[in-house]
Amino acid sequence: MKLTVFGATGGIGQEIVRQALDAGHEVTAVVRDPARFSVTGERLEVFRSDLADPAALRGAVAGRDAVLSGLGARNRADAATGIAARLTRPVLAAMDAEGVRRLVVVSAAPLGPVPEGDGLLDKAVLAVINNVLKDVYTDLRVMESELAASGTDWTSVRPPKLTNKPLTGRYRTVVGGNPPRGRTLARADVAHAMLAMVDDRRTVGQGVGVAY
């Protein structure tokens, strides 16, 4: 497949690019600062953009089979500016202009429903996290609402706490929900899940919880 990856310099974005190249896909990595991007490969194109101009992004998505996005806040200060929603809007506009429909983005587990199997401790921890990271989740909710209003075949992948552990390829997924007692997931496995969902029509128009 021909894939475009936004947020390619981030932890999840770089994993998406690496794994996609290893799987034989052609990848366009959209980056704001090429100096922060260390992945190389014969089937890789690096496309520099600050994402400010949707028209400038059309060349990054034209003719692609799918777009994957690791865009999001790196800290609470970013989230307070609504960065995930703000950076995703030009991507949606460019995809619409080029007639590219498939989009898989990373979001966060707290946007999904609380699993029935979670105990009181899990629910208490979630309440604290929701309060501390309120701006992050508000930003992601706006982003997801704009996905839902778009013409894309979107999927929002919602992991819990992220780690930098190695790829396992073994995790649980719940379409429209979250795995019970799902507390962590490696960024490498988030990328693995996102790539796997590109061809999974069950996930279109859905938030999908992923966790160990």
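**Figure 1. Pairing of L103 with W154 in the predicted model.** L103 stands opposite W154, a residue of strand β6. The coordinates shown here and in the following figures come from a predicted model. Strands β5 (residues 102-106) and β6 (residues 153-158) run parallel and are joined by 5 bridges. Helix α6 (residues 134-149) packs on the sheet and touches both β5 and β6. The direction of α6 makes about 170 degrees with that of β5.

**Figure 2. The open sheet of 8 strands.** The strand order is β3-β2-β1-β4-β5-β6-β10-β8, and the pairing is mixed.

**Figure 3. The right-handed β-α-β unit made by β1, α1 and β2.** Strand β1 (residues 2-6) runs parallel to β2, and 5 bridges join the two. Within this pair, K2 stands opposite E26 of β2. Helix α1 (residues 11-22) comprises 12 residues. From its first C-alpha to its last, α1 reaches 17 Å, close to the 16 Å expected at 1.5 Å a residue. The buried residues of α1 are I12, G13, Q14, I16, V17, Q19, A20 and L21. G24 follows α1 and has a positive phi, near 95 degrees.

**Figure 4. Strand β2 and its pairing with β3.** Strand β2 (residues 26-31) is mostly covered, with 5 of its 6 residues buried. Strands β2 and β3 run parallel and are joined by 5 bridges. V30 stands opposite F47, which belongs to β3. In a regular strand, side chains alternate between the two faces of the sheet.

Figure 5. Is E45 buried, exposed or partly exposed? The relative accessible area of E45 is 38%, and the residue is therefore partly exposed, given that buried means under 20% and exposed over 50%. Not counting residues up to four places away in sequence, E45 touches V27, T28, A29 and R64. The C-alpha atoms of E45 and V100 are separated by 18 Å, and the two residues lie 55 residues apart along the chain.

**Figure 6. The largest nonpolar core, with 29 residues.** The residues with the most contacts inside this core are I16, V17, F37, L44, L68 and M194. Two or more residues are given to the core by each of β1, α1, β2, β4 (66-69), β5, α7 (187-197) and β10 (206-211). Helix α7 gives the most, with 6 residues.

**Figure 7. Contacts of L68, and a separate core.** Which residues does L68 touch, not counting residues up to four places away in sequence? L68 touches L3, T4, V5, F6, I16, V104, M194, L195 and V198. Among these partners, I16 and M194 are, like L68 itself, listed with the most contacts inside the largest nonpolar core. Apart from that core lies another, of 28 residues, among them A85, L87, A108 and L147.

Definitions and conventions:
Residues numbered from 1 in each chain as written. Predicted model: local features only at pLDDT ≥ 70, side-chain atom pairs only at ≥ 80, totals over all residues. Heavy atoms only, no water. Helix = DSSP H or I, 4+ residues; strand = E, 2+ residues; numbered from the N terminus. Expected span 1.5 Å × (residues − 1). Buried < 20%, exposed > 50% of the residue type's maximum accessible area, 1.4 Å probe, protein only. Pairing = 2+ DSSP bridges. Contact = heavy atoms within 4.5 Å. Axes fitted to C-alpha atoms, helices over the stretch in contact; angles between N-to-C directions. Right-handed = clockwise from strand over helix to strand, strands pointing away. Core = buried A, V, L, I, M, F, W, Y, C linked by side-chain atoms within 4.5 Å.
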